[in-house]
Amino acid sequence: MSDQVAPINESQWEKLKVKLKKQVGDTAYKNWLKQLSFNSIDKNVITLSVPTKFLRDWIASHYVEKIKLIFKEFDPKLDVLKIVVKSNGGRIVPGTARLLTGVQNKKRQFDVRSNQGNSYPEDFGAPLDPRYKFENFVVGKPNELAFAAAQRITEAEKVTFNPLFLYGGVGLGKTHLMNAIGWQIKKNNPERKVIYLSAEKFMYQFVRALRYKDTATFKDQFRSIDVLMIDDVQFIGGKENTQEEFFHTFNALVEQNRQIVISADKSPSDLEGVEERLRSRLGGGLIADIHPTTYELRLGIFMEKAKKRGVEIPPKVLEFLSHKIISNVREMEGALNRLVAHATLVGRPITIETAQEVLQDMLRAHDKKITIEEIQKRVAEHYNIRITDMHSPRRSRSVARPRQVAMYLAKSVTSRSLPEIGRKFGGRDHTTVMHAVKKIEELKTVDSLFNDDVELLKRMLET
Ligand code: ADP
Ligand code: MG
């Protein structure tokens, strides 16, 4: 009996492809396997081709066994699969043929990196913002983990955690840190390819590729990237096709040991409309959350930004601002800009009074005429204690902590002074209030559940 296998004709190949599609599912088939062409059979060796090296590598690491099984069903003698890269003109790209016998050493497969073929166009990512560098990022308790992790990525030769997932509310510095990573790597290792883009841009590119039936090129664009940063991935929620694509791109890059940095406004497990396996993949590296700013951090940021602008702002005014403009750093910058612009225009020194005048609306937003009594009532309800405990001398933790929360809220959402607040809490001293504010800020940074709780109370009061 001859060991020669009969060649496969067009309709047989089509049938095999249908089987393959059933095996891997429509999406994966469309994304990865549709472009497979049949080339030849020689003894026990099947040769297939794809248009790009990236596709070849991808198929090699994910679908070899499935493809082989299907050929084996067709003829048991077929047990070696060879996938070659054929450019569109049908020419085999030199050095790209590879025998795929059994389980492959993935690492070897993926170590091959080449600059031939179409690399990603320069406009694929977004340009880095020159204002956002590590040097002008002010570090404090709420962001120290994120900052350290971001720096680590620029130092590491090897990938230590993948992905780095940065999350936190708006205006707290996620985009700043990602840009800073980009700049630092450009400085340390200019040969490393760093791509920064928003999740929206990623989506846009993908949808465009789909429209032009060019997902292969889309995938290829990623293959020479060393560090991929995608900002605001919460926008991927609910967009199934993009998620699928994102997931595959993600896996491919992780397997190739490339660094990925992701940001979002929520933790991976809280991302809405995102598939479970993608969520768990996103949370599989280091998760670093950026907490809301503390008074100390705000003061540090105000000082730094004032210095940068070369304007003299009295410490008392900076302290005042740090107590009042609390929502996020972007708003703080806005407040400072207005104050400086005003002072320059009218040529008067900046005082607390001018700040109050110029920033009236911003300050009022936080004031909203919330009374201390109302805060006490809400907080007591929330923690299920009696309102009288807000004034009582009792010091047991179960009432003292809620009381401190109420003092903290009184300080952050009203414009009452420390002594005024103290008086409303059973005639306590202003240092007691100050201590409470410090204590709560501290707890907020170390205990995220507690932080959420207090933030929730704050929002309830402000709306
Ligand atoms: P996010 O992406 O988290 O919404 P951004 O990174 O855009 O926030 O930050 C908003 C603004 O606040 C930017 O101008 C940024 O430079 C500034 N900023 C945020 N955090 C800091 C910080 N720790 N030190 C200095 N500037 C900061
Ligand atoms: Mg941002």
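Asp452 lies in helix α21, residues 448–462, where helices are DSSP runs of H or I with at least four residues and strands are runs of E with at least two, numbered from the N terminus. At 46% relative accessibility, Asp452 is partly exposed, a class between buried (under 20% relative accessible area) and exposed (over 50%), with a 1.4 Å probe and protein chains only. Together with Asp270, Glu272 and Asp447, Asp452 forms a negative surface patch. Patch members have over 30% relative accessible area and no salt bridge, and like charges are joined within 9 Å; a salt bridge is a side-chain nitrogen of Lys or Arg within 4 Å of a carboxyl oxygen of Asp or Glu. Asp and Glu count as negative, and the charge is placed at CG of Asp or CD of Glu.

The model is predicted, and local features need pLDDT of at least 70, side-chain atom pairs pLDDT 80 or more, while totals for chains, interfaces and linings use all residues. Residues are numbered from 1 along each chain as its sequence is written, chains are lettered from A and ligands numbered from 1 in the order written, and side-chain values use heavy atoms, without hydrogens and water.

Most residues other than glycine have a negative phi, and most peptide bonds are trans. Lys43, in the loop between β1 (37–42) and β2 (45–50), has a positive phi of about 55° and is partly exposed at 45% relative accessibility. Asp232 also has a positive phi, near 60°; this residue occupies the loop between β7 (227–231) and α10 (240–255) and is partly exposed at 22%. The peptide bond from Asn162 to Pro163 is cis, with omega near 0°, and Pro163 sits in the loop between α6 (144–155) and β5 (164–168).

Note on methods: Patches are made of residues with over 30% relative accessible area and no salt bridge: like charges are joined within 9 Å, nonpolar side chains (Val, Leu, Ile, Met, Phe, Trp, Tyr) within 5 Å. Accessible areas come from the Shrake-Rupley method with a 1.4 Å probe; for residues, only the protein chains shown count as cover.
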